[in-house]
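Take a look at the structure below and have a go at finding your way around.

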Amino acid sequence: MTHPFLLTLNAGSSSVKIGLFKAADGAKAREIGRGELDLQRRPLALRLETSGTTSDVAIDAPPSEDLHEVLDATLAALAAHFDLGELLGAGHRVVHGGLRFHGPVRIDDASLAAIDALTPLAPLHQPHSLRLIRALRHLRPSLPQTASFDTAFHVTQDDLVRRFALPRALHDEGIRRYGFHGLSYAYIARELARRQPALGSGRVVAAHLGSGASVCAMHGGKSVDSSMGFSTLDGLPMGTRCGTLDAGVLLYLLDERRMPLKELEDLLYHRSGLLGVSGSSADVRTLEGESGAAARQALDLFALRAAGEIARLGSTLGGIDTLVFTAGIGE
C-alpha cells in the first residue's frame, strides 16, 4: 500500500541532501529514507539510506545549471526505490530570510522574488536553494513548496545583540547580525527539551561544528546570541571560510593590494579557514591524519576560536548549564 509523502531538500554548494517522509492523516510525518546527491561526482549517483542500509543509485542525466534533468531523474530514482504514493509537497532549507521571513513560508512568485533579493547577503548558499526551487517548479508546477530559513530562529535575539557599532541608519536598512544554522539549533532546542527538560529550559550553548561552523547561546530554547552575524563568513574559522576578521584587513587588501572584489570574495569564502591555514585540506579527518605543523596549527586555531566564542556566549548568558555539539566535527 502506498502513502502520500513529503520531500525535503537541503541545497549545499556542491550537493543536495534529501529527506522522504510518509504523511498520514492526523499523524506526524514519519521519515522513511534520506539521500544525498553529490553534484561534483562523475558519473552522478544518489546515495540512499533506508532501514539502516546505504546504497548508490546511478543518476543518468547530464548536470546542467538549471538541474531540470538531474532532479527529474532523482525523483524517478526515489520512486523506484521507495513505495511512494502522491507527492504532497516539498520543503526547502534556505539560509537567509532577512528581515521579512520569521518562519516557514509558502513559495509563490512574490516570496520567491523576495528570497532571490536576499542573494547578496548569502552568495555562497542562496543561489543553490533558488535553483532547486525553480527546478521543482518547472517539473511540478502545481506542487506546493515551502521555505524554512536558517535566520528565523535568531529573531528572538535582543536588538542590542544584533546591532553593529555603525550609524543607526545602516542598522535600520538591514545591516545587522542575523545568525545562521537556525534549523539545526531549533532541532537541538526541541530535542533537548524532549529528552532533558531541565537542561533545555536552562542556559545552553550549542556548537554546530562542520564545514560551516557556528555556536549559539539559547535560554529556555530561544536564541539569545550567536557567533555568526551579518553573513556566513562571521564567527569561527570554517572549512574554507575565514571566520571573524578585522575589517582593516579587507581595507588593506582592497586599497594597498588592489585586490579585485571577486578575488577577495573567493579568498574569504573558498581559500581560507582550515584549508588556508593548513595549505592542504579543509577536512578535519584529513588534517588529523597529517603530521605537518601547518595541519596541526589549523586544528589548534579552530579549537582556540571555538573555545573563545563559547566563552563569549557564556558571558551573554551569564553562565553555561549545558554545552551541546552537533554537525560533522562536533559529532
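In this predicted model, the second largest pocket is lined by 28 residues. To find its centre, look for Phe230, Ser231, Leu233, Leu250 and Leu268, the lining residues that lie nearest to that point. The space inside comes to about 900 Å³.

So what is the lining made of? Sorted by type, the residues of this pocket's lining split into 18 nonpolar, 5 polar and 5 charged. Three helices, α8 (247–255), α9 (261–270) and α12 (293–317), each bring at least two residues to the lining. The largest share belongs to α9, with 5 residues.

Now slide over to helix α6, which covers residues 182–195. Several of its residues are tucked away: Gly182, Ser184, Tyr185, Ala186, Ile188, Ala189, Glu191 and Leu192 are the buried ones. What do these buried residues pack against? Their partners are the helix α7 (197–200) and the strands β9 (203–209), β10 (213–219) and β12 (322–326).

Last stop, the cysteines. A disulfide is a covalent bond between the sulfur atoms of two cysteines. Here the count comes to 0 disulfides. Cys216 is buried, as its relative accessible area is 0%. Cys242 has a relative accessible area of 18%, and since buried means under 20%, Cys242 counts as buried too.

Key: Residues numbered from 1 in each chain as written. Predicted model: local features only at pLDDT ≥ 70, side-chain atom pairs only at ≥ 80, totals over all residues. Heavy atoms only, no water. 1 Å grid on protein atoms, 1.4 Å probe; cavity = no way out; pocket = protein on both sides within 12 Å on 5 of 7 lines; lining within 4 Å. Points joined across faces, edges and corners; volume = space filled by probe spheres on them. Helix = DSSP H or I, 4+ residues; strand = E, 2+ residues; numbered from the N terminus. Nonpolar A, V, L, I, M, F, W, Y, C, P; charged D, E, K, R; others polar. Disulfide = S-S within 2.5 Å. Buried < 20%, exposed > 50% of the residue type's maximum accessible area, 1.4 Å probe, protein only. Expected span 1.5 Å × (residues − 1). Contact = heavy atoms within 4.5 Å.
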